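Hi,

Here is the structure I said I would pass on. Have a look at it first, and then read my notes below.

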Amino acid sequence: MPSGNLMRNFFARVSVRCYSIVAFVLLGLGFMAGYGLWQLTAEIEAGRLGQLQVAVDGAASVVASEAARIAAGETDEQAAAKVIAETMSSMRFNTSDYVFIIDDTGQMLAHPDPKLRGNDTAYTRKGPDGRAVIQEMVALARKEGAASMTYDWINANTGDSEPKAAIVRHVDA
């Protein structure tokens with residue numbers, strides 16, 4: 001009889017080792033899959049920020065160009081502001097993302113929503129976490145010249161809080 005117990009113990013130990021190996025392999029595969037998803041998410045976000053940077057650079061170029069036209073006497077401030085507002089307000093990327101321009105006093109100069117243009121409604125509005133996000137953007141642009149930041153904002157269409165990313169840039173014009 002002792003040989004029967006010995007065989008059962010042997011197979012039990014082998015079985016435990018096999019299950020342990022399978023568990024470690026599955027754990028390793030799970031870790032690799034999680035890491036791969038994290039990497040993919042980071043790459044997508046970096047690509048999105050790259051597209052945003054191109055849009056911001058384009059907007060800054062339009063503003064600088066109109067400022068140069070004002071300085072050269074080719075146009076006046078009102079006409080330049082109209083060109084900037086029309087150009088920026090139609091600028092979209094990733095189908096739903098957009099560029100907006102706020103001056104140092106908080107006046108919205110360009111935005112896809114015409115109700116926000118020409119006033120400081122967005123400047124004084126707070127995000128769902130109580131942060132004065134637009135004021136932070138203006139202060140960051142003044143301090144750094146150009147920078148990026150993340151924040152939460154209420155989607156006007158759905159009413160849901162959404163994570164957002166912004167690249168801010170101060171243009172002396």
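One cut-off before anything else: I call a residue buried when its relative accessible area is under 20%, and exposed when that value is over 50%. Bear in mind too that this is a predicted model.

A132 is a handy case for that cut-off. At 13% relative accessibility, A132 falls under the 20% limit and so counts as buried. You'll find A132 in the loop between α3 and α4. Leaving out residues up to four places away in sequence, A132 touches R125 and K126. A122 sits 10 residues from A132 along the chain, and their C-alpha atoms are separated by 9.3 Å.

Now the overall picture. The chain has four helices and six strands, and from the N terminus on they run α-α-β-β-β-β-α-α-β-β. The radius of gyration is 28 Å, well over the 16 Å that the globule rule gives for 173 residues, so the chain is more spread out than a compact globule. Along the principal axes, the C-alpha atoms fill a box of roughly 105 × 30 × 30 Å. Buried residues account for 25% of the 173 residues. The accessible surface is about 11,600 Å², with 60% of that belonging to carbon and sulfur atoms. Of the contacts with a separation of 6 or more, 38% are between residues 24 or more positions apart.

Next, the stretch around α2. T75 lies in the loop between α1 (2-71) and α2. With a relative accessible area of 16%, T75 is buried. Setting aside neighbours within four places in sequence, T75 is in contact with E66, R69 and I70, and also with A80. At the start of α2, a side-chain oxygen of D76 comes to within 3.3 Å of the backbone nitrogen of Q78.

Helix α2 itself covers residues 77-89, which makes 13 residues, and spans 18 Å from its first C-alpha to its last, close to the 18 Å expected at 1.5 Å a residue. Which of its residues are buried? They are A80, I84, A85, M88 and S89. Looking down the axis of α2, these buried residues fall within an arc of 145°, so they line one face of the helix.

Helix α4 can be read in a similar way. It takes in residues 133-144, 12 residues in total, and reaches 16 Å from first C-alpha to last, close to the 16 Å expected at 1.5 Å a residue. V133, I134, M137, V138 and A141 are its buried residues. They cover an arc of only 145° around the axis, which puts them on the same side of α4. What lies over them? The cover for the buried residues of α4 includes β3 (101-102), α3 (121-124), β5 and β6. After α4 comes G145, which has a positive phi, near 85°.

I102 lies in β3 and counts as buried at 18% relative accessibility. I102 and H170 are 68 residues apart in sequence, and 9.6 Å apart in space, C-alpha to C-alpha.

Last, a spot with some polar contacts. N155 is in the loop between β5 (146-154) and β6 (161-169). Its side chain reaches the backbone nitrogen of N157 at 2.6 Å. A polar contact of 2.8 Å also joins the side chains of N155 and E162. Not counting residues up to four places away in sequence, N155 touches D160 and E162.

Over to you!

Notes. Residues are numbered from 1 along each chain as its sequence is written. This is a predicted model: local features need pLDDT of at least 70, side-chain atom pairs count only at pLDDT 80 or more; totals for chains, interfaces and linings use all residues. Side-chain values use heavy atoms; hydrogens and water are left out. Helices (H or I, at least four residues) and strands (E, at least two) are DSSP runs, numbered from the N terminus. The expected span of a helix is 1.5 Å times one less than its number of residues. Buried means under 20% relative accessible area, exposed over 50%, partly exposed in between (1.4 Å probe, protein chains only). The arc is that of the directions from the helix axis to the C-beta atoms. A polar contact is a pair of N or O atoms within 3.5 Å; within protein, one must be able to donate a hydrogen and the other to accept it, and residues adjacent in sequence count only if both atoms are side-chain atoms. Contact means heavy atoms within 4.5 Å. The radius of gyration is taken over C-alpha atoms; the globule rule is 2.2 Å times the number of residues to the power 0.38. Accessible areas come from the Shrake-Rupley method with a 1.4 Å probe; for residues, only the protein chains shown count as cover.
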